[in-house]
Each structure stands twice: as structure tokens, then as C-alpha cells.
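Try each task before reading its solution.

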Amino acid sequence: MKFLGKIISVFLLIILFGCHSKPNKSPIDFYYWRSNYTINEIEKKEVDSLKVQNIYVRFFDVDKTADQIKPIGIIRNFDASKLKVNYIPTVFITNRTFINTSKDQVKILAKNVFNFLNETANRGKLNHFEEIQIDCDWTKSTRENYFLFLSELKHISNKKLSATLRLHQVKFKDKEGIPPLDKMVLMCYATENPTDKSQNNSILDLNIAKDYLQNLEQYPIKLDVALPIYSWAILTNHLGKVKLVNSFSEQDLIGKPVKKIRDGFYEVTADFFVEKFYVSKGFTIKVETISPELLVKTKSFIDQKITYDYRLIYYHLDSKFLKTIPTEL
């Protein structure tokens, strides 16, 4: 009997270990964050093969300059007929938009955002949508105005309203507040500022993410989770000034006059252009990428914190980075 008991105990340990080491399957969605809406065959096939239901399309940004609030970066050539998915219009709003903005201005902003969002949807043949998402990195000083904006937009639109949630807004929720929403999307990336010249991966460093999310299970709003599938280059000149080049991979350096210093770090040995930026001999290039293995580890950690079913949203739909997606998620 003792021997049988030991076998059962070992078997139970194997089951428990397996449950914690392998991430749960989650339905997959995508963000679309490019200014010009184009869908190629690779992207279309990926959407079909993954049975993607939702695409969160950034329609435009909202910013305030010289006390004037206006839309910028408006999406071009949006055409809802290109993919058979549920489109969720998404609007990015800068935090400074809500600084020194009166409550009346906030209410007007909510109305203007909804009206312009509808115009953009109609131009793109999106005749029906059930949800709107707002992306804003709010802080303690702007939370009152931002939360008022969300409440007004939800009332005006009469639609489901979700918003993004950044890592610091989880860790410091008591200080930065909980938005008046039923659903949010945890942006599990941007763990550091890419211009800080850190040795860490500023897109996603799992140890930093774990620190911010150590009490994630206590967050009172139901969450979906966004993970990154992109890479970029950080260019540093002789004076230490930094430029960020989006949608850049190490493959873009093949054949270029660079010398590899260590993994992800290169020194320029002759002048050339990186995209539209001119780099000279002596410049350094740090290429930050995301591996499938890192995504699996991150998802496994999140699965330990979030016990309910959630959707996984990749940022973002771009054929250049689709191979980053792990097959086991």
C-alpha cells in the first residue's frame, strides 16, 4: 500500500507540474497599428489559420498641442472588407491631452472622438461594430479627466468600451486608479524606455514584468492580454543621442557595414542609411527582438496569475514578424 501511495503521489506531482509548465491555449486576436491599411496574403492566411475573430484597428491618435486638441495619424485606406473578422476601432490618446483640460472640454472631446471614429468607420465600409477601445497611458494627475472621458464615451456611444492597461497601472493601482470599465487589455510589453540605454530588452524583460505584475490576480477588472511580436533598432551616435527605428530586425543588417559586438549589439564600420536615418562610422545599433520562447514563458507566468479564460492579442499584425508567434500558444 505504501508503494502504491508513493506511485500515486509521484503521478499527481507530474500532473501538477505539467499544468504549471505548459501555458493554456487562448483564442488569438491582433492589433493593427500601421498608418496605411494594407493586408497581404501572408497576413490574411495567418488570420485565417489562427481563426482570428477580432482585429483592433488603430483609427487615429488624439493629441494636444498649443492648447488645441485634434486627431492626428489618421489611418489611410482602411477597408473592412479585406478580412472577415470583427473589427474593433481603437484610438490612442496622449496623456497630455487630459492635462489642464476642463471637464466641459473632456465631455466635448468624448463626443468629437465618437463622431470622428464613426466617420472613419463609414469611409472604411465598417457599417457595424460593437466595441471601442481607448489606449491611453494615464497617470495619477490625469486619471480624473481620463475616467470622465471614458464614462462620457460609453454613454454617448452606447457600445462596449474597453481600454489598455499598462504595467505600472497594475502595480500602482491604488495611486493611479481603476477605470470605470468592465474589460481591459493588459499590455505586457514596453517594460523599459528604449532610450534609457539599458542592457535589458526594453520591449519585454520578463523579470521586470514579473515585478510589476506580482499582484496581477488582485486587479478587479477582467483582462485580456496583449503580447509583442515586433522588433526595433536603437541607434546611438557619438554624442549619446538616441533614435528609434520601428519594424527593424537583424536581417535588415545583412550586407551592411557593421561589426557584431555581442548578441543584439552592433558597431557601424562605414556610413550608410538605416531606413531614413543616416548612421556614421562608430555609431552603435541595438536590435531588440522577441523570441517565441520568451512569449511562451511570459504566457506561462500570466496563466498562474489569471485563472479565468482570456484572449491573447498580438501586437501587431505584420507579416515581417508573424514567425515570432509560438505554435504552442
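Predicted model: local features only at pLDDT ≥ 70, side-chain atom pairs only at ≥ 80, totals over all residues.

**Exercise 1.** Find which residue just after α4 takes a positive phi, and check the length of helix α4.

*Solution.* Residues are numbered from 1 along each chain as its sequence is written, and side-chain values use heavy atoms, with hydrogens and water left out.

Step two: helices are DSSP runs of H or I with at least four residues, strands runs of E with at least two, numbered from the N terminus. Helix α4 (residues 143–157) has 15 residues, so at 1.5 Å a residue it should span 21 Å, and its end C-alpha atoms agree at 21 Å apart. The expected span is 1.5 Å times one less than the number of residues.

**Exercise 2.** List the buried residues of α4 and what they pack against.

*Solution.* Buried means under 20% relative accessible area (exposed is over 50%, partly exposed in between; 1.4 Å probe, protein chains only). That gives N145, Y146, F147, L148, F149, L150, L153 and S157. These buried residues pack against β4 (86–93), α3, β5 (131–135), β6 (160–165) and α6 (173–176). Contact means heavy atoms within 4.5 Å. Beyond its neighbours within four places in sequence, I134 is in contact with residues including Y146, F149, L150 and L153.

**Exercise 3.** Which strand does L235 face across a pairing?

*Solution.* L235 stands opposite I285 in β15. Strands β9 (residues 232–236) and β15 (residues 284–288) pair in the antiparallel sense over 5 bridges, where pairing needs at least two DSSP bridges.
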